[in-house]
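Please examine the sequence and the three-dimensional model shown here before reading on.

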Amino acid sequence: MSVQWFPGHMHATRKAILERAKELDVVVELLDARLPGSSANPLLAQLTAGKPTLKVLNKQDLADPVRTEQWLAHYNAQPGTRAIALDASETSPAKAIIAACRELAPLRGGMAKPLRVLIGGIPNVGKSTLVNTLKGKRATKTGDEAGVTKVEQRIVLADDFYLYDTPGMLWPKIVVPESGHHLAASGAVGRNAFDEELIALELLKVLQGPYAALLEARYKWGWTPEAVAAMKDEELLFAIGKKRGALLPGGKLNAQKAAETLLTDFRSGVLGRITLETPEQFARWLAAGLEAEARHAAEREKKLAQRRGQYRGEA
């Protein structure tokens, strides 16, 4: 299934970022450590092109530590980019972020040339919670629904360090289907933009290979990881529903309740430390998605050309 979500306030955010980019020194992009590739916003990269970037892999305590190291290495190898990992237990995230930003813009600093930093990220990535921690008090609203923050805020983290917080923003068209599935599973997409049962099934396809043992540990079916990995996703969702009382009269699955159970367990971290993608996997998906998008664009242009030709012929 295709997942797309770009409500009206995100258009305003795009315009605000484009205007703010003219005077920025560093861009901090908050990523979900469970889906670092899918949660990296290509629109934010486009709007702030050429600016040094700090990638912050947030919620690292929920992510697979081995894959987190892979993603940190991947981003740190890119020019003009630094990457660090944080989670809610970090006692001084402001120090880590300020230090990394100063490394990226060594010529800025002091009252005459304060460091101007924009922090952005997809909805529900934990940005508001992080900003509150950086500020040292409840500076922004937080919540588990996508799109809580709606306006830009300026936060002074040091006398010469200005942080501009922007609302969570996706991008107008998600061309990588796997990214759409992962974003929906993480809660970054509004609930009206996807079918929870289908997203739960897609999530199971990802989990039942590398994380089959975690599924068994959570739902206690009494199966080996190999048996879990070999099952169909529909069978696994039924097994979750059976274990969690999500069956209707006659033994039929309440698919909505079973899907909600799995998604809640994933989002809360009770399934264990999981990362849905590796840098290599995401690179393959992105290449395939861009190729498919180029093919569709060429087909659309061909059809438009045929229609123009037909119109001229009729005239």
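This is a predicted model: local features need pLDDT of at least 70, side-chain atom pairs count only at pLDDT 80 or more; totals for chains, interfaces and linings use all residues.

Residues are numbered from 1 along each chain as its sequence is written, and side-chain values use heavy atoms, with hydrogens and water left out.

The UniProt annotation "binding site", from an unreviewed entry, covers Asn58, Lys59, Gln60, Asp61, Asn124, Val125, Gly126, Lys127, Ser128, Thr129 and Gly168. Such positions are given in the numbering used here, feature names are shortened, and annotations may be inferred rather than shown by experiment.

Two of the annotated residues, lysine 59 and glutamine 60, lie in the loop between strand S2 (53-58) and helix H3 (65-76). Helices (H or I, at least four residues) and strands (E, at least two) are DSSP runs, numbered from the N terminus. Is lysine 59 buried or exposed? Lysine 59 counts as buried because its relative accessibility is 18%, the limits being under 20% relative accessible area for buried, over 50% for exposed and in between for partly exposed (1.4 Å probe, protein chains only). Its phi is near 65°, a positive value in a residue other than glycine. Glutamine 60, at 22% relative accessibility, therefore counts as partly exposed. Setting aside residues up to four places away in sequence, glutamine 60 touches Ala33, Ala85, Leu86, Asp87 and Arg273, where contact means heavy atoms within 4.5 Å.

Apart from neighbours within four places in sequence, glycine 126 is in contact with Leu30, Asn58 and Lys59.

Lysine 220 is another residue with a positive phi, about 50°, although it is not a glycine. This lysine 220 lies in the loop between helix H8 (212-219) and helix H9 (225-230). Its relative accessible area is 56%, so lysine 220 is exposed.

The next element is a hairpin, which joins S5 to S6 through 2 residues. Strand S5 (residues 153-158) and strand S6 (residues 161-165) run antiparallel and are joined by 5 bridges; two strands pair if DSSP finds at least two bridges between them. Alanine 158 stands opposite phenylalanine 161 in S6.

The elements that give two or more residues to its lining are strand S1 (26-32), helix H2 (42-47), S2, H3 and helix H12 (279-314), and H12 gives the most, with 5 residues.

On a 1 Å grid over the protein atoms alone, a pocket is an open set of points with protein on both sides within 12 Å along at least five of seven lines, a cavity is a set where a 1.4 Å probe fits but cannot get out, and lining residues have an atom within 4 Å of a point. Grid points are joined across faces, edges and corners, and a volume is the space filled by probe spheres set on the points.

The search of the whole structure finds 1 cavity of 30 Å³ or more. The largest cavity is lined by Ile17, Asn41, Leu44, Gly120, Gly121, Thr166, Pro167 and Met169.
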